[in-house]
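Biologist: I'm new to this structure and would like to learn how to read it. Could you walk me through it, one feature at a time?

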Amino acid sequence: MGREDIEKNRIKAQIHANTNITLIFITCTIFAFVISVNSAILKDDYVLAAQLTLAIPFLMTSLLAHSKLAESKSNIKRLDSFGYICYTIGYTFFVNTIGILLATFVSLQISMFFFSANIIMALLYSTILTSHNISQIKSRLVKDVFFILLIVLGGILHSLGYY
């Protein structure tokens, strides 16, 4: 691996670290807020409680994997993939938590608007990324399907009362 690749990995790791730290902070804040305002919701809604609490270790693991990426000369592809999967799961749990809280405390319509906006923005992001690099379409499609599936199963269906 060349010096340029090492520097790119360090920059990428720093960007991922900043994003994960921000999301961990926000998730912990939401967790503290929910506990202080209405802790019964966490006892009554296991799906919400699970996603809210699991978002933190998934985002933390993504942070650690991407941090290791900055100094590693081997396992780069595996660390990057593992960090991305953990990030996607943690981020999706974070989004689902907000959507479920919106459905619970504001309205189902606002919640569905929030979920829809997240899905649309992910698809627009992928469209922009793949518009100049057709070879990324398959990868982006897999990532988007995974994200949308987690949103639907963990957020939308739960907010609609299917479980």
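**Reading the pockets and the packing**

Modeller: Let's start with the largest pocket: 28 residues line it, and H16, Y84, Y125, R140 and K143 are the ones nearest its centre. Keep in mind that this is a predicted model.

Biologist: What volume does the largest pocket have?

Modeller: Its volume is about 1100 Å³.

Biologist: Which elements give two or more residues to the lining of the largest pocket?

Modeller: Those are α1 (3–38), α3 (46–71), α4 (76–105), α5 and α6. The biggest share comes from α4, which gives 9 residues.

Biologist: And how do the residues of that lining divide into nonpolar, polar and charged?

Modeller: The lining of the largest pocket has 13 nonpolar, 9 polar and 6 charged residues.

Biologist: Let me step back to the whole chain. How many helices and strands are there in the protein?

Modeller: You'll find 6 helices and 0 strands. Reading from the N terminus, the order is α-α-α-α-α-α. As for extent, the C-alpha trace spans about 55 × 35 × 20 Å along its principal axes.

Biologist: Now for pairs of helices. At what angle do α5 and α6 pack?

Modeller: Helix α5 (residues 108–131) and helix α6 (residues 137–159) pack at about 175 degrees, and their axes are 10 Å apart. Because of that angle, α5 is roughly antiparallel to α6. On the α5 side, the contact includes L108, M112, F115, I119, Y125 and L129. On the α6 side, R140, D144, F147, I148 and I151 are among the residues taking part. By class, the contact of α5 with α6 has 13 nonpolar, 6 polar and 2 charged residues.

Biologist: What about α4 and α5, at what angle do they pack?

Modeller: For α4 and α5 the angle is about 160 degrees, with the axes 7 Å apart. Angles over 145 degrees count as roughly antiparallel. So α4 is roughly antiparallel to α5. From α4, the residues that meet α5 include Y91, V95, I98 and L102; from α5, they include L108, F114, F115 and N118. This contact of α4 with α5 has 10 nonpolar, 4 polar and no charged residues.

Biologist: I noticed R140 beside the centre of the largest pocket. Which side chain does R140 meet in a salt bridge?

Modeller: The partner is D144, at 3.6 Å, N to O. Both R140 and D144 sit in helix α6, 4 residues apart, which is about one turn of the helix. Searching the whole structure turns up 1 salt bridge.

Biologist: Back to pockets, then. What volume does the second largest pocket have, and which residues line it?

Modeller: The second largest pocket has a volume of about 150 Å³. It is lined by I30, F33, V34, V37, N38, I98, L101, L102, F105 and V106.

Biologist: Which elements each supply at least two residues of that lining?

Modeller: They are α1 and α4, and α1 gives the most, with 5 residues. The lining of the second largest pocket has 9 nonpolar, 1 polar and no charged residues.

Terms used. Residues are numbered from 1 along each chain as its sequence is written. This is a predicted model: local features need pLDDT of at least 70, side-chain atom pairs count only at pLDDT 80 or more; totals for chains, interfaces and linings use all residues. Side-chain values use heavy atoms; hydrogens and water are left out. Axes are lines fitted to C-alpha atoms, for helices over the stretch in contact, and angles run from 0 to 180 degrees between N-to-C directions. Angles under 35 degrees count as roughly parallel, over 145 as roughly antiparallel, 65 to 115 as roughly perpendicular and the rest as oblique. Contact means heavy atoms within 4.5 Å. Ala, Val, Leu, Ile, Met, Phe, Trp, Tyr, Cys and Pro count as nonpolar, Asp, Glu, Lys and Arg as charged, and the others, Gly among them, as polar. On a 1 Å grid over the protein atoms alone, a cavity is a set of points where a 1.4 Å probe fits but cannot get out, and a pocket is an open set with protein on both sides within 12 Å along at least five of seven lines; lining residues have an atom within 4 Å of a point. Grid points are joined across faces, edges and corners, and a volume is the space filled by probe spheres set on the points. A salt bridge is a side-chain nitrogen of Lys or Arg within 4 Å of a carboxyl oxygen of Asp or Glu.
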